[in-house]
Amino acid sequence: MDKAQTVVIMGVSGCGKTAVASRFAQLSPNSVFLDADDFHPQANIQKMSSRQGLDDDSRWPWLHRITEEIQRRRKEEPDLTVILACSALKRSYRDVLRQTGPVIFLYLEVERAELERRLSARKGHYMSVKMLDGQFRDLELIDDEPDVYRIKGEGDIEEVVERCIQSSIDPNP
């Protein structure tokens, strides 16, 4: 992880971003965990709670709040590694996050049936299974982006985290 100062654990809702990124940060020296969901303005949360997807106009201010926080943290502690859980579904969103400095994206791939199972089991979260189609519609291919890596997101959380850590150290084994 010497090269990247931000590691973004990305993917659609239910893929395990928050759990994986949080555990990743616990195991990584001199790092901090940030959850992009914590930066949504109340209006976005209300939209998602009422089963409405977010459009670009709703997402830009949210993404800028995240980048401001990453830059603030880096200014205070230049050697800090930020581990961010963020959907980062579109390339343009990833481009905004790239403005914070060196970054890699670890895309958690999970089968649709497993995502639906996970989302159905969630209690008290504003994202629902019904919104998954919109997330897949927004997800832009990552294959032509050299700083985005696919990670198998199914299995034991510790195994997924280990795959993420290994990919952040040596993305092209």
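In which sense do strand β1 and strand β3 pair, and over how many bridges? Select residues 6-10, which form β1, and residues 81-85, which form β3. The two strands pair in the parallel sense, over four bridges. To find one point of this pairing, select T6, whose bridge partner in β3 is V82. Please keep in mind throughout that this is a predicted model.

**A helix across the strands**

**The buried side of α1**

Now select helix α1, residues 17-27, and display its side chains. The buried residues in this helix are K17, V20, A21, F24 and A25. Why do they lie on the same side of α1? They cover an arc of only 130 degrees around the axis, and therefore share one side of the helix. As a general rule, an α-helix has 3.6 residues a turn, so residues three or four places apart point the same way. Among the elements that cover the buried residues of α1 are β1, β2, β3, β4 (103-109) and α7 (157-169).

**The nonpolar cores**

Select I9 and look at its surroundings. Leaving aside neighbours within four places in sequence, I9 is in contact with residues including K17, V20, A21 and F24. Its contacts also include I83, L84, L106, L108 and C164. I9 belongs to the largest nonpolar core, which has 24 residues. Together with F24, L106, L108 and C164, I9 is among those with the most contacts inside this core. Two or more residues of the core come from each of β1, α1, β3, β4, α5 (112-121), β5 and α7. Apart from this core lies another, of 23 residues; select L34, I66, L80 and F105, which are among them. In soluble globular proteins, nonpolar side chains tend to be buried together.

**Two cysteines**

How many disulfides does the structure hold? The number is zero. A disulfide is a covalent bond between the sulfur atoms of two cysteines. C15 counts as buried, at 2% relative accessibility. C164 is likewise buried, with a relative accessible area of 0%.

**Two residues with positive phi**

Finally, select N30, in the loop between α1 and β2. N30 is not a glycine, although its phi is positive, at about 50 degrees. Then move to A88, in the loop between β3 and α4 (91-98). The phi of A88 is near 45 degrees, a positive value in a residue other than glycine. A88 is buried, with a relative accessible area of 1%.

Methods
Residues numbered from 1 in each chain as written. Predicted model: local features only at pLDDT ≥ 70, side-chain atom pairs only at ≥ 80, totals over all residues. Heavy atoms only, no water. Pairing = 2+ DSSP bridges. Disulfide = S-S within 2.5 Å. Buried < 20%, exposed > 50% of the residue type's maximum accessible area, 1.4 Å probe, protein only. Arc of directions from axis to C-beta. Contact = heavy atoms within 4.5 Å. Core = buried A, V, L, I, M, F, W, Y, C linked by side-chain atoms within 4.5 Å.
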